[in-house]
Amino acid sequence: MTLEFGSARPIPKLEAVALFKDFPGTSGTVSALEDVAIRVWPGELVCLVGASGCGKSTLLNIAAGLEDATDGVVLVDGYPVTGPGADRGLVFQSYSLYPWRTVAGNVAFGLEVKGLKDDDIAERVRHYLGIMGLAKFAGALPKQISGGMQQRTAIARALATEPKVLLLDEPFGALDAQTRSAMQEFLLSVHRELGTTMLMVTHSVEEAVLLSQRIYVMAPNPGRVIAEFKVPFQDRSHSLVHEPEFLSFVRQVDDLLRQQASVVGTQ
Amino acid sequence: MEVSAPSATDSLPPPGYTPVRRRRSGLKLREELPQRVRWPLVISSIVLPLVAWTMLSASGLVNPLYLPTPAATFAAGVKLAQGGLLLSDMTATITRVAIGFGIMAVISIPLGLAMGSLPGIRALFEPMIGLIRYMPAPAFIPLFIIWLGLGEAAKIALLVIGTVFFNTLMSADVAALVPKTLINASYTLGANRRVVMRKVILPHSLPGLLDAMRVNLAATWNLVVVAELVAAQSGLGYRIVRAQRFLQTDDIFAVLIVIGLIGLTTDMAFRLLRNVAAPWARP
Ligand SMILES: Nc1ncnc2c1ncn2[C@@H]1O[C@H](COP(=O)(O)OP(=O)(O)OP(=O)(O)O)[C@@H](O)[C@H]1O
Ligand SMILES: [Mg+2]
């Protein structure tokens, strides 16, 4: 947690304040978010977990500026979000690469839009491809590389514009188990190296406990935050997942989710 | 649990085992066809009709006035070519196609892209275009002759009217196929609407646009001959009408084959262009 110079209180990197989102549905309005408040501090990696339909993607899309909230506001560095912008990167579950651009060309997109000089673009692209372990694939088209590599490219593309916050919506959801755990290690190392503030949605409690410093648990109908966990572990790596403390922590969060599901089921 | 490495003998097949070879018959859905099966089929596709034509015309069952032999057709074609008529007819027809197709593309591609990306534009144009495109283009010929006379303008107008609506709707569908996540991803990378149009929707649509143009170029070729059959002093269609007056079926056959060959060539050129311009979308 860093203190902003000249201010008495720390300012969150990303903050959702009293966020509401209604969607018109076939049987009345769907309340996708109801009075949701979350904070992500500078340099933090925070995870959102919750059952399907509890508004996780909606929250991320509003933070990215792709959707408007019905009420409430999202602040980045204390300033309200009014639309999409390169200061908030977003990584989707489905691969969203430009199929006609090479891996390097995809990473360059945001930099071209920014109007950087060609030399600067080339240098930054090289830098991020290096960090992401993609240097070998720079000239490959997305369809020529594996799903894991495609998702790395998407992360590299989002990071290349150096956003204040990286938003990730189930980024590893479509990957097989081995690739997924490799990608988790990889995200941890990127986070350590770059210190980018990250807010990540995941279905896997284990993934959330392994990766994040804090976890918000959400519940559906209406979509809301029901709990916040501070994750106590320091050394993040895959060896952690066999530790009894880790397992019991995962169970604790899991139980809460299950309980929530059974409450919904008996309604 | 004991885990042992497999030994070499483990992987030997049991005695009496014969490996099954997969056969490629060319009749399985979407299977990849080996070249040595493909080429005989491709060649037969051209040779068999030619043989049937030769046999039928040589058998004496049909009056050669109705069905000339391939040799007579070829000779007629050579005669037309040597007299310079074939070249001037081809030039006239190709010029009409080029102008009509060009005007059509300049109108329909921007309109189609706008309709496919902006629902408001689509709602404004789609109902009317959807209605007009079912009106048969040749039925407009009398109107165009009244409005524009018997000259080039009426013929070009026919080519444009007959293809512009189809190409617009096909281009709109192509643009609408750009995934929403791709557009959203671009916004989060700092792009505005104009940049998304230029750097995302346009390149993503390129192969589809070329496909639509290829289809409608074929339609333009059909229409240009129709226009020249009705009223023209030059062109391949006009040559057919002339030949009909003098019962020169061999000339008609020769011109028809030339039309087919030019069409096939432009079609292949468009395919090539698509593969060169959008190698990422190659199947
Ligand atoms: N564009 C939309 N129009 C109508 N309803 C929507 C729309 N987007 C989301 N919803 C509804 O809002 C609720 C929350 O959706 P959201 O996609 O945010 O959930 P989620 O937590 O991301 O779910 P999942 O884990 O399945 O991705 C759901 O009930 C969904 O049906
Ligand atoms: Mg979601």
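A:Arg124 and A:Glu162 join their side chains in a salt bridge, at 3.8 Å from N to O. A salt bridge here is a side-chain nitrogen of Lys or Arg within 4 Å of a carboxyl oxygen of Asp or Glu. The model is predicted: local features need pLDDT of at least 70, side-chain atom pairs count only at pLDDT 80 or more, and totals for chains, interfaces and linings use all residues. Residues are numbered from 1 along each chain as its sequence is written, chains are lettered from A and ligands numbered from 1 in the order in which they are written, and side-chain values use heavy atoms, with hydrogens and water left out.

**Salt bridges**

- Over all chains, the structure holds 19 salt bridges.
- A:Arg124 sits in helix α3 (residues 118-131) of chain A, and A:Glu162 in the loop between α4 (147-160) and β7 (165-169), so their pair ties together parts 38 residues apart in sequence.
- Helices (H or I, at least four residues) and strands (E, at least two) are DSSP runs, numbered from the N terminus.
- A:Glu162 is partly exposed, at 47% relative accessibility.
- Buried means under 20% relative accessible area, exposed over 50%, and partly exposed in between (1.4 Å probe, protein chains only).
- In chain B, B:Arg122 forms a salt bridge with B:Asp173, with the closest N and O atoms 2.9 Å apart.
- B:Arg122 belongs to helix α4 (residues 119-132) of chain B and B:Asp173 to helix α6 (residues 152-176), so this pair ties together parts 51 residues apart in sequence.
- B:Arg122 is buried at 17%, while B:Asp173 is partly exposed at 42%.
- A network of salt bridges links A:Lys13, A:Asp77 and A:Lys164.

**Around ligand 1**

- Residues around ligand 1 (a heavy atom within 4 Å of it) include A:Phe23, A:Val30, A:Glu170 and A:His203.
- The shell divides into four nonpolar, six polar and two charged residues. Ala, Val, Leu, Ile, Met, Phe, Trp, Tyr, Cys and Pro count as nonpolar, Asp, Glu, Lys and Arg as charged, and the others, Gly among them, as polar.
- α1 of chain A gives the most to this shell, with three residues.
- A polar side-chain atom of A:Ser52 lies 2.4 Å from an oxygen atom of ligand 1.
- For A:Lys56, a side-chain N or O atom is 2.8 Å from an oxygen atom of ligand 1.

How values were computed. Polar contact = N/O pair within 3.5 Å; in protein donor to acceptor, adjacent residues only side chain to side chain.
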